[in-house]
Amino acid sequence: MGALDEGQFDLELKNEVKLGRVELRFEGEPETIAIEESVKVLLQGLGEDVNREGLRKTPLRVAKAFREATKGYKQKVKDIVQGALFPEVGLDNAVGHAGGSGGLVIVRDLDLFSYCESCLLPFHVKCHVGYVPSGLRVVGLSKLSRVADVFAKRLQHPQRLADEVCLALHNGIRPAGVAVILQCSHIHFPIMEPFFFDSNHQGWVKALIRSGSGVFENENADIWVDFLSLLKLRDISADKFYDKNFRELHWCPSCVSSNAKISSELEPPNTVMVAAVTSILRSLGEDPQRIELLGTPSRFIKWLIKFQTMNLDMKLNGFICGHSDHKPKGEVCHFREQIHSELNLAFWSQCEHHLLPFYGVVHIGYFHTEGSNPIAKSLLQSVVHFYGFKLQVQERLTRQIAETVSSLLGGDVMVVVEASHTCMISRGIEKLGSSTATFAVLGQFSTDPTARAMFLQSIPNITAIGSS
């Protein structure tokens with residue numbers, strides 16, 4: 001195939017044709033159009049111009065992401081399992097707790113993404129599924145993953161997700177028993193004021209839960225010992241599971257008591273924006289009056305408003321003014337300077353293309369005079385947080401941090417941002433574990449490859465930017 005000429009390439013981009021794959025799914029459908037209109041209301045409520053470059057197609061992108069992530073509402077387990085059951089001699093009900101000679105079957109490390117029903121943010125799930133064959137039946141192994149994904153592609157709570165997967169497999173396969181273990185990770189809700197100056201904020205809430213049927217219904221049964229033994233390398237043990245009351249407990253950070261005070265101090269969510277989120281829930285096929293969803297629109301709005309440009313400009317400017325003495329005075333000979341690296345500054349942000357979180361770490365390198373004190377880490381962390389708490393793209397975030405730090409230090413700055421984007425996982429692409437690196441160089445770093453190499457070598461080879 002020949003290369004595209006410029007005109008044809010522009011046409012391909014205009015029609016959203018990506019690498020031979022036409023992305024027309026859901027487009028033009030009534031539900032999608034309704035979500036698009038609601039997203040425009042949300043963007044306007046944040047004070048954004050829906051016609052500015054970068055946001056013009058955001059309503060459509062968000063609508064398709066939501067619909068892709070909740071397609072499980074339109075799927076049925078029986079359509080997946082039927083035709084995938086195979087006879088296997090010896091799997092009767094008369095011999096042994098394993099239902100015969102087949103024994104325990106486990107599929108481990110299924111990576112799933114679901115949307116939290118409490119706040120509409122995606123959360124990551126590492127799923128382990130096992131069953132004990134019975135009645136001369138085994139099921140194709142891929143079907144265990146597909147059934148789990150049907151229920152993950154709905155607005156979910158971890159315990160209900162585990163229970164629904166377990167029950168669906170039990171009814172579909174009719175085994176001696178089914179076991180499901182979920183390792184779930186939910187992005188935290190940063191509390192704005194302390195977080196702005198706090199580099200030690202914990203970014204993730206984690207939960208380990210299980211569900212069982214048949215021979216697994218008793219959590220103390222010996223068969224659980226066998227199951228857990230096969231997961232021993234995954235830091236899973238019986239004493240780490242939430243108890244049966246987990247269903248009644250709030251695991252979502254938007255609901256926990258630590259945020260109660262700050263939430264009560266915020267202004268009530270804009271009623272027009274709340275109505276827009278309610279419309280989105282209805283368009284996805286959910287009942288906004290379901291008890292678990294009653295507070296969801298307000299909680300989602302509170303998350304979005306954290307990324308609204310408020311009075312943080314003044315806060316950052318005031319903080320920087322008190323640290324302006326770091327800027328070098330007069331000419332400085334570079335041979336008397338050394339490179340200082342400030343690594344692994346955490347950040348969270350919101351992608352302006354899909355209104356989905358992205359998160360990671362920022363590394364900043366700069367020259368400072370030998371013998372002088374480096375710039376305070378708290379100041380650099382505050383700069384990072386300031387530009388993170390906006391609707392952003394990673395490339396712009398990197399440039400803005402570099403330019404601001406350069407204004408403080410006199411010009412010689414290099415910034416590297418490493419981030420994971422939930423839009424790479426939660427809207428059908430499913431590239432779990434992928435990350436994006438961007439960097440910006442100013443001053444001497446832009447002309448000195450040796451200086452760049454020295455700074456890059458100071459960055460750890462493996463940076464913990466994942467959720468689990």
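Visitor: Which residue in E8 is the bridge partner of Val 129?

Guide: This is a predicted model, in which local features need pLDDT of at least 70 and side-chain atom pairs count only at pLDDT 80 or more, while totals for chains, interfaces and linings use all residues. Residues are numbered from 1 along each chain as its sequence is written, and side-chain values use heavy atoms, without hydrogens and water. Strand E5 and strand E8 (residues 177–187) run antiparallel and are joined by 10 bridges. In E8, Val 129 has as its bridge partner Val 180.

Visitor: Which strands stand at the edges of the sheet, each with a single partner strand?

Guide: Strands (E, at least two residues) and helices (H or I, at least four) are DSSP runs, numbered from the N terminus, and two strands pair if DSSP finds at least two bridges between them. The open sheet has five strands in the order E7-E4-E5-E8-E9, with mixed pairing. Two of them have one side without a neighbour in the sheet, because each has a single partner strand: E7 (155–156) and E9 (204–214).

Visitor: At about what angle to E9 does helix H6 run?

Guide: Axes are lines fitted to C-alpha atoms, for helices over the stretch in contact (heavy atoms within 4.5 Å). Angles go from 0 to 180 degrees between N-to-C directions. Helix H6 (residues 158–173) lies across E5, E7, E8 and E9, and its angle to E9 is about 25°.

Visitor: How are the rings of Phe 123 and Trp 251 arranged?

Guide: Rings of Phe, Tyr and Trp (its six-membered ring) pair if their centres lie within 6.5 Å; planes under 30 degrees apart are stacked, over 60 edge-to-face and the rest tilted. By this rule there are 11 aromatic pairs. In this one the centres are 5.2 Å apart and the planes stand at 80°, so the pair is edge-to-face.

Visitor: How many residues apart in sequence are the parts that this pair ties together?

Guide: Phe 123 lies in strand E5 (residues 122–132), and Trp 251 lies in the loop between helix H8 (222–229) and helix H9 (260–265). Buried means under 20% relative accessible area, exposed over 50%, and partly exposed in between (1.4 Å probe, protein chains only). Phe 123 is buried at 0%, and Trp 251 is buried at 5%.

Visitor: Which residue has its charged end over the ring of Trp 224?

Guide: The rings of Trp 224 and Phe 227 are edge-to-face, because their centres are 5.6 Å apart and their planes are at 65°. A charge sits over a ring if NZ of Lys or CZ of Arg is within 6 Å of the ring centre and within 35 degrees of the ring normal. The charged end over Trp 224, 4.8 Å from the ring centre, belongs to Arg 210.
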